[in-house]
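Me: I've got a protein model open and I'm new to this. Can we go through it together?

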Amino acid sequence: MKRRFLAVLLTVMMVSTMFAGLTAGADAEVVKSFIDTDMDNDTSWNPGGCTYIDDTMLNTKVAKYEVPVGTDFFYTRCRNEHTQSYASLSSTGVLWGEISIKYEGAFTRFAWEHDQASPPVWIDDDGSVRTGGYNVHKRPADAAGTDTGYDLELGKWYHIVSALDYTANTNGAITIWINGEKIINAATPNSRLQGSKGFVYVDLKLVHGAETASTVYLDNYRSYITAAIDSHPENSAVSDENSSDGIGLVAGYITGAENATVTTVKGALTNGDKLAFVKDGTVLGAEENVLGAEVYAPYANGKGFRTYEIATETTQIITKKYVDMNFDNWTNSTHGIDVNNVKIIADNQWAGEKTQHSVATVPEKNGSVLKFPIGTSGGNYYVRARVMSGSLPSTYADCDVLWTEYSIKYEGGFVGFGFGEGNNAYNLAFINKSGNIEVGTRWGYGEVGGTSFNRGTSVPGSQLEVGKWYHIVVAADFTDEAASSGVPTYIWINGELVGNGIKNTNITPSQQWVYHKLYFDVAEAEGRTAYIDNLKVYESATLDNHAATDFDVDVTFDDSLVTLGEQIQVSATATVTDVKELIAADNYTFVKDGAALEDNDLAVGSSLYVKADNAIGFKYYSLVDEIVYPPINVMREGLNTITASIRTRNEHYHPVSAMADGSKTGDSMYKSHKIDAEKDGLKVVASLDAVYEISSVIFTERYMDDQDLTVTVEIGKNGSLTKVVDSQPVTQGSGGSAVETTYDFDATEGDTIVYTFIAGTHREDRFNDNGSNVAESDYQIYEIEAFGTYVEEVEGTGFVPEIDFWYYDWDNTIISYYINCCNAGDEEITGKFFIAAYEDDELVKLTTVKDVTISKGVNTISCTETASLYNANWTYKAFLWDSMDNAKPLFVSQEITK
């Protein structure tokens, strides 16, 4: 796992100086000490001609080695001889080795090793910390050993501690700490370090640089034996036991201190006076702000240290790290990936078509990515990698918030892909072969190439497109109380939260955590290629929104550019330079046909990647000469108001509902119908915020009884209606479940949609309640959707539908009218109200315009005239406009009564 540290070049004298004068004694009792030097007073210990960096003001020394380029043997070696009283490693008890080390310029191989030339821990040329292997003073080593997943960075100090414990069994157990963090816990060492092997000496070795000369600094070198193992490498002298000012310690971070000074932080933490704050190679002064500093906290024994970063509000505090790979240093080998593959898996193998993947570079990403050509054969999966149970908690009950994230790109088509399986192969998240993300899929790698596949819950808004990069973050929140019945799952795509706490009932805290998988299913056809980058698995103590904030990208476009979502409209003759002049961003790339464009290339048809500061997040745009407006659900995106002809409920009548996009728009959408008031159906009127070209509608009905239900849909603008669905049957659900019915039709423009639902049978047709007429209908319209594209803003007079119910006195004289209407929004509506009368298509009479205020819910509007408005040959429309000038309809009444 690559550690994230602030970019600091620490002066070589500091680490020793920081901890001078601390009291020793926090170790387990030392039975035998072979070497213990802090280099301060040492002039005779000089293996390989090292020099000492001496600073009289700081009163400290560290050993400095200038390591040349070489091809074979070690550059320098220090051998610590031992008596034959330790005939075998098992007779030592617990054998410790520790050292502080810093590289500048390049990494060179470094190790301390025992009689069998096998070091408990060593550092390879690329900075990876490894255990096992032997003859590591040669290049290449006779055995590569096992990568711990921890990479050192140039220019930073690290304190490395290893303990070989032979007290429990003769095979021994190896535990490794780096900067106070345990990275290997009681693992079985290789055969050369098991207890039966002889113990003659300990070597400290530096190997010639493979390609570049190196500079190495060493301090606090110790080799000793204790009777029992302890955890002193974890015990910094600093704690938040008596913290104040909201400042505390979490994992490798100091929290709540981003605006604090050195003095404030030191005063807020127990033994905080022992902390050293280093920034840009300088120890900060008492009143300097700590943001951006790396913080060193000494062990109680003064020999080692822990490091901290200053957490900011956007910092994700990681408490456990399992996988962190960016693939920059990977190459092909026997398993298709070099020995770094153990960063993912403890069993050291990628199953499936291992040899097919390779490291590749792509112009839109920094560094290297892993490329997978996906074939059509390979059993259940084409390729698979695991994080095995040996490095994981035994159950999810040991987890807090489990995160998985990765960047992915498909070319040629989607194939089944997933990660994060539990004991029964249930996924936290899975990309199906159609490019949609699901939660709780079972045996996801069997969708194409295997068996026992069960579909999961589809995540709305998670449809991926072929040929685009996506960064996907998934959080399973086992700290949520609801996790006992299924873990809430959160999913971000390119920083957008698309899955907000979707319950995965197949994974609970008590379930065994066997492994964590990354896999690809076999392809349905040839030509599928996938790319992976930035793969991480980790835990945090709490759920946060860093997956969104990590994608904050600072980019602005000139007002002359027309944009829509991910589309930017540019001239067909515009060059990359022309577009750059209209974009303000720090880090971006134009890519077309798999190559980065030059400044003089034409920009149209290219993709623009604007990168975030973390180099992982990005915003994506396509440059087009004409923006194509994709269909949207206008009942969600464009809905202005929605009203329905439904009366107040009471205890006698079953609810009938009309819901837009699954969301109840006010209590008025749950009402009841009597048969005499419903002979012309449930009418729902949706007023839109613009004119849309609508081409399909979807209704979801929840079965309550067999109603022989049909629907008519009319779309209109500027005073006209077009019937697009004419009395077509609506599929009713079964057993209380909701079922969709989709109707496609020729694209029709409108700013208003009128839905009329009519039931062929009613409850009164089948029974009476105590002899009374119970005229109740039972269907329930659970969701209404409509899909179309934007055309223009609303213009003209708008329209509202015909009035269907008209009640009048015996002499046909009506001078007062009462309009029953429903405001389904959350705010009051004010406007101009009147009724218009038509004979055929000719307007023949208007009532007096009246100012009205419509409160939320059911309302009645009165309208008084000096002469009767009623005529059996006329039709009527009721209008509520926002003003007489703008004339935008705000709602429609369903009925007029005397």
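Me: Before the sheets, what does it take for two strands to pair?
Reply: Two strands pair if DSSP finds at least two bridges between them. Keep in mind that this is a predicted model.

Me: Okay. What is the strand order in the open sheet of six strands?
Reply: The order is β37-β38-β43-β42-β40-β41. The pairing in this sheet is mixed.

Me: Which strands stand at the edges?
Reply: β37 (562–564) and β41 (595–596) do. Each has a single partner strand, so one side of each is left without a neighbour in the sheet.

Me: Let's go inside that sheet. How many bridges join β38 to β43?
Reply: Three bridges join them. β38 covers residues 567–569 and β43 covers residues 618–624. The two strands run parallel.

Me: And what stands opposite Q569?
Reply: V624 does, in β43.

Me: New topic. Do β23 and β24 pair in the parallel or antiparallel sense?
Reply: Antiparallel, over four bridges. β23 is residues 358–361, and β24 is residues 368–374. T361 in this pairing stands opposite S368 in β24.

Me: How many residues lie between β23 and β24?
Reply: Six, and the two strands form a hairpin. In the turn, G367 has a positive phi of about 75 degrees.

Me: Which residue other than glycine has a positive phi near 60 degrees?
Reply: N271 has that value. Its place is in the loop between α2 (262–268) and β17 (276–279). N271 is partly exposed, with a relative accessible area of 36%.

Me: What about S727, where does that lie?
Reply: S727 lies in strand β50, residues 720–729. Its phi is near 50 degrees, again a positive value in a residue other than glycine. S727 is partly exposed, at a relative accessible area of 43%.

Me: Now confidence. What pLDDT does the protein average?
Reply: It averages 76, and 73% of the residues score at least 70.

Me: Where is confidence lowest, and where is it highest?
Reply: Strand β47 (residues 670–671) is lowest, at a mean of 34. Strand β32 (residues 487–493) is highest, at 95.

Me: What about residues 646–658, how many contacts does the model have there beyond four places in sequence?
Reply: The model has 47 such contacts for that stretch, where pLDDT stays under 50. Over residues 796–810 the pLDDT is below 50 too. That stretch has 65 contacts in the model beyond near neighbours in sequence.

Technical notes. Residues are numbered from 1 along each chain as its sequence is written. This is a predicted model: local features need pLDDT of at least 70, side-chain atom pairs count only at pLDDT 80 or more; totals for chains, interfaces and linings use all residues. Side-chain values use heavy atoms; hydrogens and water are left out. pLDDT is the predictor's confidence in each residue, from 0 to 100. Contact means heavy atoms within 4.5 Å. Buried means under 20% relative accessible area, exposed over 50%, partly exposed in between (1.4 Å probe, protein chains only).
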